[in-house]
Amino acid sequence: MEWAIDRGGTMPLHEQIAVNVRRSLEEGDLAPGERLPPASELAAVLDINPNTVLHAYRALRAEGVLEFRRGRGVQVAAGAVARSAVVEAAKDLLALGRATGYSPEALAALIEELA
Amino acid sequence: MRTGRAYTSTVSSKGLVAAGISLGTATGLVPWLAGLPGPVPIVEGVVFGLVVCAAGAHQATVRLAVGDGRVVLGQGPWRWPKRVVPFSLVSQARAEDISILQVFGIGVPWHWRSTRMTVRAGPTLALLLTTGEMVRVSTPHPEVAIAIISSGAPSESTAPFCAARPGTAQSGTAPFGTAQSTARGRGEPGEPTDSGRPWFGPKRVGYGISPKTWQGWLVTLAPVVLISIILALVH
């Protein structure tokens with residue numbers, strides 16, 4: 001998969017790496033079960049700190065997009081595509097809520113009410 | 001604006017993994033199950049079978065990472081042995097679409113020094129180094145790797161990379177040698193010695209392939225001559 005980062009941009013580098021993974025999932029470059037490069041290897045070719053890559057990988061694992069397996073490295077989790085899209089939509093909703101004065105709790109209550 | 005681009009891929013061949021497991025099982029267990037007499041006890045047989053399985057899995061995976069001025073190649077899940085090639089050493093990069101025979105080196109133009117990390121038919125990144133070595137590695141999107149290499153290569157050597165990019169007249173999925181021939185012209189001083197024609201091609205009549213170059217005929221006839229000599233000597 002292709003990775004692109006903008007060191008001069010406002011978005012943190014770890015978030016840019018996570019965006020790369022989500023974009024590849026949506027475009028079909030990555031499929032569930034596929035392995036991602038080790039943090040040290042990706043950091044070397046992107047000329048960034050390995051901890052930055054690990055930060056991104058951990059955030060994606062927390063979202064359920066990636067899974068870490070002992071001895072097998074980092075893999076794309078099953079169902080990661082759908083989950084990634086939902087996470088992105090939730091982030092957009094949170095950003096819209098912040099812009100319009102809705103707190104996360106208020107948004108959650110609104111979703112509960114609509115469900 | 002400082003941007004960074006990289007390309008990574010891990011390609012595994014399920015067929016090669018299955019072949020390794022089958023061969024490992026056969027070498028380790030079949031003689032014992034069949035009750036064949038032999039000096040190999042069961043424990044050693046199983047261990048040997050497992051080693052063959054692991055070797056098969058190792059040979060079935062190649063990893064590639066391109067970025068920050070270098071190409072990093074590795075064999076197996078643990079990327080060992082590892083090879084680092086600086087962009088400055090790459091004189092030409094092109095995309096190829098290889099056949100299943102070419103995966104195993106059959107029909108690939110002979111090169112005096114060659115590294116083959118191909119595990120499946122299909123898109124392959126071919127790198128010609130300034131040392132004269134040809135490196136081929138399986139990867140799903142070689143054109144992306146070529147774009148990164150060409151953007152990071154010294155300015156005087158960017159022409160071969162640009163010529164080999166897909167979407168141009170010299171498509172990145174050209175057969176062996178074609179992209180190079182059209183990009184630089186044959187016989188040009190300093191041109192790498194990579195002949196353009198595949199050794200084997202489809203038959204004009206019937207199914208299968210037949211030799212198309214003298215190297216192909218050599219590969220075909222050499223075993224026949226060898227076997228004939230051995231038979232003559234035996235009798």
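How many residues of chain B are in contact with chain A, and how many of chain A with chain B? In this predicted model, 20 residues of chain B are in contact with 19 residues of chain A. Here is a short tour of that interface, from its area to the strands that build it.

**Area**
- The size of an interface is often given as the accessible area lost when the parts come together.
- For chain B and chain A, about 1600 Å² is buried between them, and carbon and sulfur atoms account for 44% of that area.

**Salt bridges and polar contacts**
- Two salt bridges are found across the interface of chain B and chain A.
- Glu41(A) and Arg63(B) form a salt bridge, with their closest N and O atoms 3.1 Å apart.
- Between chain B and chain A there are eight residue pairs in polar contact, both residues of each pair being at pLDDT 80 or more.

**What chain B brings to the interface**
- On the side of chain B that touches chain A, strand S1 (3-12) and strand S2 (61-67) of chain B each supply at least two residues.
- S1(B) gives the most to this side, with seven residues.
- By residue class, the side of chain B that touches chain A divides into eight nonpolar, six polar and six charged residues.

**Strand pairing between the chains**
- S1(B) also pairs with strand S1 (residues 2-6) of chain A; the two run in the antiparallel sense over five bridges.
- To find your place in this pairing, look at Ala4(A), whose bridge partner in S1(B) is Arg5(B).

Conventions. Residues are numbered from 1 along each chain as its sequence is written. Chains are lettered from A and ligands numbered from 1 in the order in which they are written. This is a predicted model: local features need pLDDT of at least 70, side-chain atom pairs count only at pLDDT 80 or more; totals for chains, interfaces and linings use all residues. Side-chain values use heavy atoms; hydrogens and water are left out. Contact means heavy atoms within 4.5 Å. Buried area is the accessible area (1.4 Å probe) that two parts lose on being put together, summed over both. A salt bridge is a side-chain nitrogen of Lys or Arg within 4 Å of a carboxyl oxygen of Asp or Glu. A polar contact is a pair of N or O atoms within 3.5 Å; within protein, one must be able to donate a hydrogen and the other to accept it, and residues adjacent in sequence count only if both atoms are side-chain atoms. Helices (H or I, at least four residues) and strands (E, at least two) are DSSP runs, numbered from the N terminus. Ala, Val, Leu, Ile, Met, Phe, Trp, Tyr, Cys and Pro count as nonpolar, Asp, Glu, Lys and Arg as charged, and the others, Gly among them, as polar. Two strands pair if DSSP finds at least two bridges between them.
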